[in-house]
Amino acid sequence: MNIDLTETTSSKINSALIKARRAIGSPAVGMVLTLVIVTDEGNHYDALKAASDASREHPSRILVVIKRPGRSPRDRRNARLDAEVRVGGESGTGEIVLLRLHGELADHAESVVLPLLLPDAPVVVWWPEDAPANPAEDLLGQLAARRITDAAATEDPVAALGLRAATYAPGDTDLAWTRITPWRSVLAAALDQKQAAVKGAVVEGEAYNPSTELLGLWLARRLGVPVRRKVSDGPGITAVRLATADGEICLDRPTGALAELAIPGQPDRHVALQRRATSDLIAEELRRLDPDEAYAAAVKFGVDRLAHAEETAEPAAAAAGTGQNGGSGKKAAAQ
């Protein structure tokens with residue numbers, strides 16, 4: 001059921017939600033959180049589709065905040081709220097509200113969102129692109145237990161990681177980190193199987209890929225060894241090589257789908273390591289809303305050195321991470 005509201009208020013939107021729920025005979029008690037997506041007109045469709053797919057696992061009230069401040073002084077003075085309420089159908093067990101904030105109202109999105117939050121339920125805010133410099137200080141971010149950004153959507157991903165480290169607050173996370181969860185799991189399992197000291201590591205991946213940088217930082221911090229960042233043609237992360245006294249542990253994924261894991265003294269094996277859709281990443285982030293201490297430690301570790309390292313980085317000191325020059329304005333390739 002869809003209800004369009006023009007020049008409306010938060011109170012009228014809440015009334016429309018109740019009306020729609022009653023019309024389809026579905027209560028709101030089954031929803032576990034409110035997901036706020038802050039985006040623009042051009043990107044809201046993809047973000048909403050990903051969130052809708054994730055809501056099958058986490059039934060949610062999804063509030064899509066689309067800011068339209070206007071170009072002319074007259075448009076900017078014309079504050080207006082238009083909304084579209086969707087319940088049932090493609091919304092599944094959740095609810096979707098598209099909020100278009102016109103004029104000066106675009107600068108006060110929190111005043112519109114606050115009355116629409118589910119009572120006694122956690123709030124997650126996601127910026128698919130154009131995240132604020134400090135998400136925890138943003139007025140919408142202050143409402144949330146979890147704040148999701150994506151360094152891969154910025155013009156300078158390595159600089160974005162540095163900014164995330166400088167402004168980190170408990171509850172912050174980034175999809176560039178979420179993308180390496182399978183890599184971290186496989187590498188940790190490989191080191192459990194091969195009880196050998198790691199002497200150094202190489203992480204290979206596309207240029208301007210923040211996930212590659214974070215994986216290198218995580219390895220450098222956890223293992224306390226030199227880690228070298230090597231640029232490849234991709235897609236995304238292509239290989240991780242760990243040097244041990246018994247030989248090289250290699251996790252190689254040249255195609256972005258199936259990887260091969262080689263451990264000294266064991267037969268090579270194939271590992272499903274396909275690049276995941278955004279909906280899968282969001283669903284993973286919604287499974288736990290407590291602070292991600294592993295992400296915090298990785299993004300802060302040596303991140304001040306990332307912008308100064310060369311693109312073909314030399315091995316870092318044992319206590320330092322690795323990175324590539326982030327001075328270019330090219331967008332990152334994800335995962």
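Angles under 35 degrees count as roughly parallel, over 145 as roughly antiparallel, 65 to 115 as roughly perpendicular and the rest as oblique. The views below show a predicted model.

**View 1. Helices H5 and H10 pack against each other at an angle of about 120°.** H5 covers residues 157-166 and H10 covers residues 293-300, and their axes are 9 Å apart. With that angle, H5 and H10 are therefore oblique to each other. Their crossing is left-handed. On the H5 side, Leu161, Arg164 and Ala165 take part, and they meet Tyr295, Val299 and Lys300 of H10. Sorted by type, the residues of this contact are four nonpolar, two charged and no polar.

**View 2. An open sheet is built from eight strands.** The strand order is E1-E4-E5-E3-E2-E6-E7-E8, with mixed pairing. Strands E1 (2-5) and E8 (172-174) are the edges, each pairing on one side only. From one strand to the next, the twist averages 15°. Helix H1 (residues 10-24) packs on the sheet and touches E1, E3 (60-68), E4 (80-87) and E5. The direction of H1 makes about 15° with that of E4.

**View 3. Strands E7 and E8 pair in the parallel sense.** E7 spans residues 146-149, and three bridges join this strand to E8. In one of the pairs, Ile148 has Thr173 in E8 as its bridge partner.

**View 4. His102 is a residue of strand E5 (residues 95-102).** Its relative accessibility is 12%, so His102 counts as buried, the limit being under 20%. Apart from neighbours within four places in sequence, His102 is in contact with Arg68, Asn78, Ala79, Arg80 and Asp82.

Methods: Residues numbered from 1 in each chain as written. Predicted model: local features only at pLDDT ≥ 70, side-chain atom pairs only at ≥ 80, totals over all residues. Heavy atoms only, no water. Axes fitted to C-alpha atoms, helices over the stretch in contact; angles between N-to-C directions. Helix = DSSP H or I, 4+ residues; strand = E, 2+ residues; numbered from the N terminus. Left-handed = near helix turned anticlockwise from the far one by under 90°. Contact = heavy atoms within 4.5 Å. Nonpolar A, V, L, I, M, F, W, Y, C, P; charged D, E, K, R; others polar. Buried < 20%, exposed > 50% of the residue type's maximum accessible area, 1.4 Å probe, protein only. Pairing = 2+ DSSP bridges.
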